[in-house]
Amino acid sequence: MASRRECHYGNYAVVRTVKNGPNVGMKFYRCPKWPVSDCEFFQWVNWNMDNSNVNRNVEDVRFRLLEKDTIIGEKEIEINFMKETLKKVELKLDSKDEELKDTKMELSCTRIELMKASRNENIISLALFFSWVFFALLLVYLKA
């Protein structure tokens, strides 16, 4: 049975197919994070090339199984990446929720201060009005 290979970083190597060049169609093992990673692991998939159709069919089935294992490995890596991304987004959301609570608290304090200032302004306006009225009455009283 085709055995799984590990790359230099301990990840299960994936099977890839040569797309162009003199080795088109040949299969090889490669690090699952290649080309993003600097892992240089590379190994050709060895085929048992005798004339027996049975051996070819068995090897073909084994290879297809290995390809499916490779796909599963790639999907597991993708899922783990998405889980990490989700955790980061959830942390950002928690941070933004906390920021929103703080902003709401500041807004409430600002509204209270505005109401106090408005009340003080009304009191000062009334005091000014009554002082002018008192001054006017005093002038009328002094002229009389």
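Is glutamate 99 buried, partly exposed or exposed? Glutamate 99 is partly exposed, with a relative accessible area of 44%. Here buried means under 20% relative accessible area, exposed means over 50%, and partly exposed is in between, using a 1.4 Å probe and protein chains only.

Okay, a quick word on what we're looking at. This is a predicted model, where local features need pLDDT of at least 70 and side-chain atom pairs count only at pLDDT 80 or more, while totals for chains, interfaces and linings use all residues. Residues are numbered from 1 along each chain as its sequence is written, and side-chain values use heavy atoms, with hydrogens and water left out.

Let's stay with glutamate 99. Its side chain meets that of lysine 96 in a salt bridge, 3.9 Å from N to O. By salt bridge I mean a side-chain nitrogen of Lys or Arg within 4 Å of a carboxyl oxygen of Asp or Glu. Both residues sit in helix α1, three residues apart, or about one turn of the helix. Helices (H or I, at least four residues) and strands (E, at least two) are DSSP runs, numbered from the N terminus. Lysine 96 is exposed, at 51%.

How many salt bridges does the structure hold? Three. Lysine 75 is partly exposed at 46%, and so is glutamate 78 at 38%.

Then there's lysine 27 with glutamate 67, whose closest N and O atoms are 3.4 Å apart. Lysine 27 is in strand β2 and glutamate 67 is in helix α1, so this pair ties together parts that are 40 residues apart in sequence. Lysine 27 is buried, with a relative accessible area of 17%, whereas glutamate 67 is partly exposed at 26%.

Now for the inside. The largest nonpolar core has ten residues, including Cys7, Cys31, Cys39, Phe41 and Leu66. A nonpolar core is a set of buried Ala, Val, Leu, Ile, Met, Phe, Trp, Tyr and Cys residues joined through side-chain atoms within 4.5 Å. As a general point, nonpolar side chains in soluble globular proteins tend to be buried together.

With those cysteines around, how many disulfides does the structure hold? Zero, where a disulfide is a pair of cysteine sulfur atoms within 2.5 Å. For cysteine 7, the nearest cysteine sulfur is that of cysteine 31, 3.7 Å away. Cysteine 7 counts as buried at 6% relative accessibility, and cysteine 31 is buried at 1%.

Leaving aside neighbours within four places in sequence, cysteine 39 is in contact (heavy atoms within 4.5 Å) with Cys7, His8, Tyr9, Cys31 and Trp34.

That last one, tryptophan 34, brings us to a peptide bond. The bond from tryptophan 34 to proline 35 is cis, with omega near 5 degrees. In general, most peptide bonds are trans. Proline 35 lies in the loop between β2 (27-30) and β3 (42-44).

Last stop, the surface. Leu126, Phe129, Phe130, Val133 and Leu137 make a nonpolar patch of about 510 Å². Valine 133 belongs to helix α1, residues 53-143, and is partly exposed at 32%. Patch residues have over 30% relative accessible area and no salt bridge, with like charges joined within 9 Å and nonpolar side chains (Val, Leu, Ile, Met, Phe, Trp, Tyr) within 5 Å. The areas come from the Shrake-Rupley method with a 1.4 Å probe, and for residues only the protein chains shown count as cover.
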